[in-house]
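Student: Could we go through this structure by question and answer, starting with the chains and then moving to some details?

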Amino acid sequence: MTKFTINGREVTVTSEDDTPLLWVVRDELGLIGSKFGCGIAQCGACTMYLDSQPVRACVTPVSDVAGREVTTIEGLSGPVAEAVRGAWQKLDVVQCGYCQSGQMMTAAALLSEIPAPSDSDIDNAMTGNICRCNTYQRIRAAIHSAAETLKT
Amino acid sequence: MFGQMDLSRFNTRAHEAFPLDRRNFVQLALGTGAGLIIGGWVPASAARAEGAATTSESASGIFTPYVKITPDNVVTVLVKHQDKGQGIATGLSTLVADELDADWAQIHPEFAPANVELYKNFAFGVQGTGGSTAIANSFEQYRKAGAAAREMITQAAAKRWGVAPETVKVAKGVVSSGSNSATLGELAAEAATIPVPKEPKLKTPDQFTYIGKSFPRLDSVAKTTGARIYTQDVQLPDMLVATLARPPKFGGTVKSVDDKAARAVKGVVDVVTTSRGVAVLAKTTYAAIRARDQLEITWDESKAEARSTDALIADYKALAEKPGQIARKEGDAEGGIAKADKVIEATYIFPFLAHAPMEPMNCVLQFKDGKATMWTGSQLQTVDQNVTAHIFGIKPEDVIINTLWAGGSFGRRGVYDSDYIAETAEIVKVTGRTEPIKLIWTREDDIKGGYYRPVYVHKVRVGLDKDGAVTGWHHRIVGQSIVTGTAFESAIVKDGIDGTSVEGVSDTPYAIPNMQVELHTTQAGPRPLWWRSVGHTHTAYVMETMIDEVAAVSGKDPVAFRLSLLEKYPRHTGVLKLAAEKAGWDKPLPEGVFRGVAVHESFKSFVAEVAEVKIVDGKPKVQRVVAAVDCGIAVNPDNIKAQVEGGVGFGLGAVLHSKVTMKDGVIDQGNFDTYEVLRFNEMPHVEVHIVPSAEVPTGIGEPGVPPIGPAVANAVAVGTGQRVRVLPFADGLKLG
């Protein structure tokens with residue numbers, strides 16, 4: 001049994017301690033926006049926040065999150081999140097869309113830390129997130145566009 | 001996928017039974033009603049096309065199998081193709097919305113059910129998506145569906161208001177005549193009683209309101225909120241999750257299993273052996289993954305592939321020295337080379353490539369009351385339906401497919417033997433369970449699982465005279481046939497030549513006198529499969545780097561030299577000139593930046609790309625790519641740009657990094673740490689320019705891929721003097 005907060009809601013889950021957070025969130029809590037892509041922290045499709053820091057939920061044992069706050073794409077909200085989501089939609093970033101929850105979580109975390117990131121800041125932040133449709137160019141443009149929105 | 005095929009021949013054969021697949025596993029028979037709908041847009045046997053709808057249909061406002069308009073003012077477009085990111089749901093919706101004059105906000109795409117008669121791809125004769133055919137084969141059909149709905153709405157309005165139909169106008173979803181006005185939804189029920197017109201009148205291109213303009217994808221919102229449901233996300237009451245332990249060597253089978261430890265894992269419900277491996281069924285995904293690791297399986301590997309990739313390639317290279325089957329013979333290649341002043345000789349090696357879509361393979365299947373119901377990102381619905389029907393011994397129409405949005409494919413989900421669907425069906429059958437079962441693949445399953453772009457070896461000899469003109473071109477290609485032994489063989493293999501093995505070489509547009517192309521078709525353990533742009537993944541690379549080398553040896557400009565050999569091909573030269581102009585081909589580059597170009601036709605579309613490359617720490621860094629595209633009428637220019645941007649990245653990752661290798665029959669790679677793909681910091685800035693065209697629309701999902709590898713290789717050759725002939729560059733480019 002592990003107790004934690006997810007998207008502002010307190011939950012107690014029964015999955016065994018070593019179960020990766022990703023499977024607890026998807027299978028036990030039914031939040032399916034975070035995706036399974038690799039299982040070894042190589043692709044970023046499962047990115048969630050643990051106390052507002054991005055983590056790879058596929059390698060985070062659920063026992064590590066006891067008493068802490070988890071945020072998933074479904075709970076990603078606030079001005080930065082809205083700017084990111086708006087930019088993603090405005091520029092039609094998505095193709096298959098499967099990796100995009102993770103991309104947006106990572107992008108929003110970057111913008112929270114660096115409000116006007118340079119191309120090299122974006123490279124550093126985003127290189128852990130794989131997109132096989134290779135939407136990288138539009139992701140970069142969307143991050144710059146979201147940064148512009150946040151300025152005003 | 002699919003590559004080049006003689007479509008007419010395929011269509012006429014669509015009624016024939018599919019031959020046995022390469023596993024000798026199941027005989028596929030195509031569904032009923034294989035007669036092609038030529039000239040028609042809706043099959044005559046579709047009852048609603050024949051006359052007035054029934055009362056119950058009137059109430060719901062269903063019009064045709066392709067468009068539904070309901071009283072809530074929603075226009076539902078039934079999308080017969082699979083959308084794996086290429087944007088076809090938006091594409092087909094565009095065609096309907098334009099002819100119907102609907103408002104974009106009321107358009108709702110929905111995947112069509114599996115029904116070969118109603119929803120066949122005219123290019124294959126089966127329901128399915130691939131070969132960048134979707135817009136081309138649906139362009140008229142879905143426009144007619146929209147135009148028919150518009151005529152029915154117009155007549156219903158005329159009847160209601162007592163006015164002449166000619167006075168009724170439809171614009172942005174509003175129907176009007178004089179002071180009368182109504183929404184499409186308000187007229188839906190009445191319109192449904194009007195007979196479906198057989199030959200609805202289509203707009204002329206100058207009347208298009210949506211086609212040719214860029215507007216938002218219809219799946220953007222659901223895919224940016226986490227709400228979009230993929231197969232991986234399907235949760236059904238009492239559903240079990242399955243994993244399958246497959247033989248580590250291709251062709252292996254299960255000898256014995258000790259499943260004690262696996263069954264002891266909490267949440268595990270069952271362990272069963274099927275013809276394909278050992279399946280673990282559990283209540284949760286993680287239990288299914290973890291318990292599989294606990295299985296102790298002894299495999300019978302007596303018939304399995306035991307070679308290493310190195311040995312395989314050595315075999316292929318030896319074959320490349322021997323005459324093969326002739327795929328093209330024009331003039332006397334050997335004679336032309338014999339009298340040459342200079343001969344360029346080159347051997348190219350291409351590795352196995354995994355597709356690695358972000359969503360690994362998966363399928364949810366339930367068998368109950370004699371019917372199989374499936375939820376999956378089905379790409380070849382008719383094949384998936386027939387394979388499943390065969391396993392359960394039921395009729396194809398008793399297999400219901402709910403096609404879901406797919407998390408990428410790149411060819412992987414369009415499998416001639418429906419491998420992962422058949423795996424699921426077998427597990428369901430062997431267990432005899434009536435609960436839904438979701439089979440999931442891990443990334444390791446995906447990378448190690450076969451169905452690769454096959455290994456290919458090319459050996460090319462080109463003779464040049466003293467002025468640098470080509471006197472003879474001899475070209476041998478060695479590799480596995482993708483379609484031999486599959487349902488697609490009769491359509492694609494001609495006189496023993498698999499067209500997808502030689503496309504892009506045997507049909508080169510370059511004016512080359514004395515050309516001979518030969519093919520050796522090989523056998524190997526890993527199953528070969530179409531990988532985004534199929535044969536063009538290797539043939540474009542060879543043709544475009546060799547032509548470039550010939551230009552360099554002759555001291556000619558790479559663009560001018562190509563243009564001189566393409567005089568009869570205006571669409572090739574059109575994109576080549578446009579890309580060169582937009583890239584500033586004649587302008588100098590900053591020091592340390594090198595340029596390369598390539599032009600290639602695939603899937604009836606034409607793409608030229610100019611790459612600007614720097615060498616950083618002994619590795620090529622592609623900074624900018626300028627692409628020019630001619631794919632006929634551009635239905636949605638922004639989506640065309642998106643597909644080419646993505647295609648450039650997809651192809652670039654492969655040539656720079658990707659390879660799958662075998663050691664004694666076992667695949668070396670397993671995940672993205674060892675099977676490397678393009679990452680964010682390596683993505684060049686891609687500019688896409690579209691040639692204005694009134695030609696029929698052609699494919700765009702794949703054609704952006706083939707030119708990028710050779711364009712980069714040609715730039716690298718300028719910068720380093722090295723012609724990279726062993727792929728990926730990580731293996732073939734040796735600097736410092």
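**Chains, sheet and contacts**

Tutor: Chain A has five helices and five strands, where helices (H or I, at least four residues) and strands (E, at least two) are DSSP runs numbered from the N terminus. This is a predicted model, in which local features need pLDDT of at least 70, side-chain atom pairs count only at pLDDT 80 or more, and totals for chains, interfaces and linings use all residues. Residues are numbered from 1 along each chain as its sequence is written, while chains are lettered from A and ligands numbered from 1 in the order in which they are written.

Student: What is the radius of gyration of chain A?

Tutor: The radius is taken over C-alpha atoms, and the globule rule is 2.2 Å times the number of residues to the power 0.38. For 152 residues that rule gives 15 Å, and chain A is close to this, so it is as compact as a globular protein of that length. The radius of gyration of chain A is 15 Å.

Student: What percentage of the residues of chain B count as buried?

Tutor: A residue is buried if 20 or more other C-beta atoms lie within 10 Å of its own, exposed if 12 or fewer, and partly exposed in between, with C-beta atoms placed from the backbone. Chain B has 22 helices and 28 strands. Of its 736 residues, the buried part is 59%.

Student: How many residues of chain B are in contact with chain A?

Tutor: Two residues are in contact if their C-beta atoms, placed from the backbone, lie within 7 Å. On the side of chain A there are 43 such residues. The number in chain B is 45.

Student: How many residues on the side of chain A that touches chain B are charged?

Tutor: Ala, Val, Leu, Ile, Met, Phe, Trp, Tyr, Cys and Pro count as nonpolar, Asp, Glu, Lys and Arg as charged, and the others, Gly among them, as polar. That side has 19 nonpolar and 16 polar residues. The charged ones number eight.

Student: Which strands are the edge strands of the open sheet in chain B?

Tutor: The sheet has three strands in the order β1-β2-β3 of chain B, with mixed pairing; two strands pair if DSSP finds at least two bridges between them. An edge strand here pairs on one side only. The edge strands are β1 (67-69) and β3 (107-111) of chain B.

Student: Which residue in β3(B) is the bridge partner of B:Val79?

Tutor: Strand β2 (residues 75-79) of chain B pairs with β3(B) in the parallel sense over five bridges. The partner of B:Val79 in β3(B) is B:Phe111.

Student: At what angle do the axes of α4(B) and α6(B) cross?

Tutor: Axes are lines fitted to C-alpha atoms, for helices over the stretch in contact, and angles run from 0 to 180 degrees between N-to-C directions. The axes of α4(B) and helix α6 (residues 134-161) of chain B come within 7 Å. They cross at roughly 35°.

Student: Why does B:Glu601 count as buried?

Tutor: B:Glu601 is found in strand β23 (residues 593-602) of chain B. Leaving aside neighbours within four places in sequence, B:Glu601 is in contact with B:Pro509, B:His572 and B:Phe606. B:Glu601 counts as buried because its C-beta neighbours inside 10 Å number 25.
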